[in-house]
Structure formats: C-alpha cells, structure tokens
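Have the coordinates open while you read.

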Amino acid sequence: MIYLFTWNSDFLVSDAVKKWKNQFIEKYGDFNLLHIKWLDDTNLESYHQNLYSVSFMNETKLIILDLNWDEQESISEFIIKNLDKIPENNILLVNFPNPDKRSKLFKELEKVSQKKEFNTENDNDLSSILKSRYNNIISTWAINLICKYKANNLQKIVSEIEKLNILYPYIDEKIVSEFIIPELEENIFSLVDNILDLNLNETYKKINIILNDVNIYLFYNSLLAILRTSVFILKLKNENINPKEIVNLLNLGSKSFLATKNYKISYKNVSKLYINLIELDKKMKTWKMIWTEDSDFKFEIEKTLLKIAS
C-alpha cells in the first residue's frame with residue numbers, strides 16, 4: 001500500500017507523517033520502521049533492498065520516504081520504476097510537500113497511491129487549524145496577532161505558541177505583543193503599506209526600527225521582494241482585473257488579502273518607485289555608486305522614496 005501525503009503546508013504534512021510514525025511504533029515497535037529522509041543516487045541498490053524486502057515473520061513494515069520537489073532525475077526514475085514492486089505487507093508513506101504537480105514523479109505517485117492533501121489556502125484555514133489545536137490555551141485575538149507577526153508561517157506560529165504555553169497556561173494578545181518579535185517580512189509588509197499610502201513620516205520611522213535588527217542590504221532585498229508583489233497587484237487592478245482573479249493569477253495563497261487592499265499611490269508611481277529602487281542595485285553592481293557606510297545606502301533609499309511625494 002502506498003500513501004502520498006502532500007500539498008502546500010510543510011508543517012501539516014510533516015505533522016501528519018509524525019503522527020503516523022508514532023502510531024506505528026506504538027502498535028508494532030520500531031523494528032519494522034524505516035524513515036528515509038534523503039536520497040542519494042549512489043545508494044540506489046541499498047534503497048531497493050530496504051524498500052522492497054519483506055520484514056521478519058512477514059509482519060507489517062512501514063517505510064517513510066521524504067521527497068523534495070527538485071529530486072534528481074535518477075532518483076525520480078528509480079522510484080517510478082519500482083512503485084509496483086512493493087510487497088503486500090509493506091506500507092510506503094511518501095512525504096512530498098509543495099510538489100511540482102506537472103512532474104512525472106508526482107503524476108505517477110498520484111496514480112498508485114492514496115493521496116491525502118494538507119493545505120492552508122488562506123488566513124481562515126490557518127486560523128481554523130490553530131483554533132482546533134489550541135482552543136483552550138490561546139485567545140482568537142492572540143492567534144490573529146501571532147499569525148501576523150510570524151507572516152502566516154504555521155511552523156513558526158506553532159513553535160511560538162508552544163514556547164509561550166510553557167510559562168503561560170492561557171495566552172492573550174498582550175502576552176503575544178510583549179514576547180513575540182515580528183518577522184522581518186511582517187515589518188516590511190507594514191512598511192510597504194505606509195509607502196503605498198504615501199505616509200513617508202511613518203515610513204522613515206519604521207525603516208529606523210527595522211534597521212536596528214537587520215542588515216541594510218537584507219532590508220533592501222526584502223523591500224524589493226514585497227514591493228514587487230504590490231506592483232503586480234496594482235498593475236492588474238489598473239487593468240480592471242477583479243481581486244479573486246488576481247489571487248489566482250499571482251498565486252497569492254495565504255496573502256490573498258493583499259489583492260483587496262486599496263492605496264493612495266497610483267500604479268504609475270509605484271512602478272516608477274520600484275524601477276528607481278532597482279536602479280540603486282544596478283549602480284552599486286556597476287560601480288557607478290559606491291557607499292562607504294550603510295548609512296549612505298540608507299540615505300539613497302530614503303531619497304528614492306521621497307520622490308513619490310513630489
């Protein structure tokens with residue numbers, strides 16, 4: 001029997017695999033359990049023996065196989081070639097989060113396995129998962145805030161909730177705001193909101209706060225990455241594409257709320273801003289502008305932002 005645990009939530013897939021593993025050990029012990037966490041094409045013969053050999057006394061055997069979306073072609077071909085050779089008492093559990101659905105490997109696994117999907121499509125999915133899991137130890141407001149602080153990264157959110165619960169039987173919004181540090185991504189999202197609303201005073205304050213904790217170049221690259229998404233969204237809105245279509249076209253997933261936001265800045269101005277910020281990187285790489293201090297680069301970024309208000 002082959003089971004395929006897959007889809008877009010690494011945490012939920014891994015969590016389900018862990019539960020299966022623990023249940024198997026509880027029922028059968030760990031003697032007939034094999035967890036292959038990475039594959040090396042120099043050891044295919046060894047994998048073949050482990051995957052397809054029958055356990056002692058013909059007992060149930062569980063083989064857990066962790067896969068990545070970018071497995072080497074030789075590994076993919078090996079798995080595909082041998083899928084139909086698994087003994088009756090062997091259970092193959094394939095852990096394959098975030099797969100390339102177009103790949104031959106994924107298509108072949110779909111044909112021969114029982115597929116279980118683990119998804120977080122949007123904020124509501126994430127909130128529901130957390131409420132069902134931690135309903136008695138954390139408030140709804142605290143869940144919403146920690147999701148925001150950790151940029152909807154389920155694995156990080158769960159880790160933070162469980163660490164807080166060691167000290168606090170019940171977690172409220174005040175505890176989250178006092179002890180959880182927002183991710184850089186969340187800080188940049190907030191900063192971009194201010195930029196797109198042409199609130200430059202608040203923008204400059206947030207830049208100073210962020211740069212207390214991160215390198216100016218990491219900040220710059222993160223700003224470009226998030227601003228790029230906003231540029232695409234505003235471009236599509238400018239073409240009268242509705243928010244639902246924008247979410248699908250840009251595959252926004254848990255960030256689908258971005259498609260419904262409205263800002264003061266026009267698409268024309270935000271695209272100019274993005275191009276001007278890109279130019280800073282181009283000048284730096286072609287030695288047309290050399291900064292002796294991080295503060296010089298910060299000044300150039302702030303000067304570029306100032307242009308959108310003129």
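Which residues lie nearest the centre of the largest cavity? They are Leu196, Ser230, Ile233, Leu258 and Tyr263, out of 13 lining residues. This is a predicted model, where local features need pLDDT of at least 70, side-chain atom pairs count only at pLDDT 80 or more, and totals for chains, interfaces and linings use all residues. Residues are numbered from 1 along each chain as its sequence is written, and side-chain values use heavy atoms, with hydrogens and water left out.

A search of the whole structure turns up one cavity of 30 Å³ or more. A cavity here is a set of points on a 1 Å grid over the protein atoms alone where a 1.4 Å probe fits but cannot get out, and lining residues have an atom within 4 Å of a point. The volume, about 100 Å³, is the space filled by probe spheres set on the points.

Helices H9 (184-196) and H11 (216-238) each give at least two residues to the lining, and H11 has the largest share, with six. Helices are DSSP runs (H or I, at least four residues) numbered from the N terminus.

Now for the helix pair. The axes of H2 (residues 44-52) and H3 (residues 73-82) come within 12 Å and cross at roughly 30°. The two are therefore roughly parallel (angles under 35 degrees). In H2, Leu44, Tyr47, His48, Leu51 and Tyr52 meet Ser74, Ile75, Phe78 and Asn82 of H3, with contact meaning heavy atoms within 4.5 Å.

By class, the two sets look like this:

Technical notes: 1 Å grid on protein atoms, 1.4 Å probe; cavity = no way out; pocket = protein on both sides within 12 Å on 5 of 7 lines; lining within 4 Å. Axes fitted to C-alpha atoms, helices over the stretch in contact; angles between N-to-C directions. Parallel < 35°, antiparallel > 145°, perpendicular 65-115°, else oblique.
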